[in-house]
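Dear colleague,

Please find below the structure for your review.

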Amino acid sequence: CMDCCSLVGQLMIASGMVRPVREVRLSPIPRRVLDYLRSDASKSRRQQDIRRDLGLRHPTACWALLMLRRDGLVQIEGGKMKNPRYFLYRAA
């Protein structure tokens, strides 16, 4: 394990040789969404399906999916469509 606070560690991170390890802490709602998507990892789901099955409001589901995408825990399929409501989400 490399010490990211050492000079050598910082130089390696800056040069792109290694990436810093970032601990992902999820809030309860994104955790529920991720668990739901992982329940059947072979199946992609639309935001509407996630909202309906988990009983979430639209803004809450959007926020949770955005957080999961940011952390690389969810993959998007159908990315050519401009409107996110038509994206298909799958656990990474």
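The structure contains 5 salt bridges. Please bear in mind that this is a predicted model. The protein has an average pLDDT of 82, and 84% of the residues score at least 70. Confidence is lowest in helix H1 (residues 7–15), with a mean of 75, and highest in H3, at 94.

Asp-49 is buried, at 17% relative accessible area, whereas Arg-52 is exposed, at 56%.

Arg-52 also forms a salt bridge with Asp-53, where the closest N and O atoms are 3.2 Å apart. Asp-53 is partly exposed, with a relative accessibility of 41%.

A further salt bridge joins the side chains of Glu-77 and Arg-90, at 3.3 Å from N to O. This pair links distant parts of the chain, since Glu-77 belongs to strand E2 (residues 74–77) and Arg-90 to strand E3 (residues 88–91), 13 residues apart. Glu-77 is partly exposed, at 27% relative accessibility, and Arg-90 is partly exposed as well, at 25%. Through shared partners, salt bridges join Arg-46, Asp-49, Arg-52 and Asp-53 into one network.

Helix H3 (residues 47–54) also packs against helix H4 (residues 58–70), at an angle of about 115 degrees and with the axes 10 Å apart. Their crossing is right-handed. Gln-47, Ile-50 and Arg-51 of H3 make the contact with His-58, Ala-61, Cys-62 and Leu-65 of H4. By class, 4 of these residues are nonpolar, 2 polar and 1 charged.

With kind regards

Methods. Residues are numbered from 1 along each chain as its sequence is written. This is a predicted model: local features need pLDDT of at least 70, side-chain atom pairs count only at pLDDT 80 or more; totals for chains, interfaces and linings use all residues. Side-chain values use heavy atoms; hydrogens and water are left out. Axes are lines fitted to C-alpha atoms, for helices over the stretch in contact, and angles run from 0 to 180 degrees between N-to-C directions. Helices (H or I, at least four residues) and strands (E, at least two) are DSSP runs, numbered from the N terminus. A crossing is left-handed if the near helix is turned anticlockwise from the far one by less than a right angle, and right-handed if clockwise. Contact means heavy atoms within 4.5 Å. Ala, Val, Leu, Ile, Met, Phe, Trp, Tyr, Cys and Pro count as nonpolar, Asp, Glu, Lys and Arg as charged, and the others, Gly among them, as polar. pLDDT is the predictor's confidence in each residue, from 0 to 100. A salt bridge is a side-chain nitrogen of Lys or Arg within 4 Å of a carboxyl oxygen of Asp or Glu. Buried means under 20% relative accessible area, exposed over 50%, partly exposed in between (1.4 Å probe, protein chains only).
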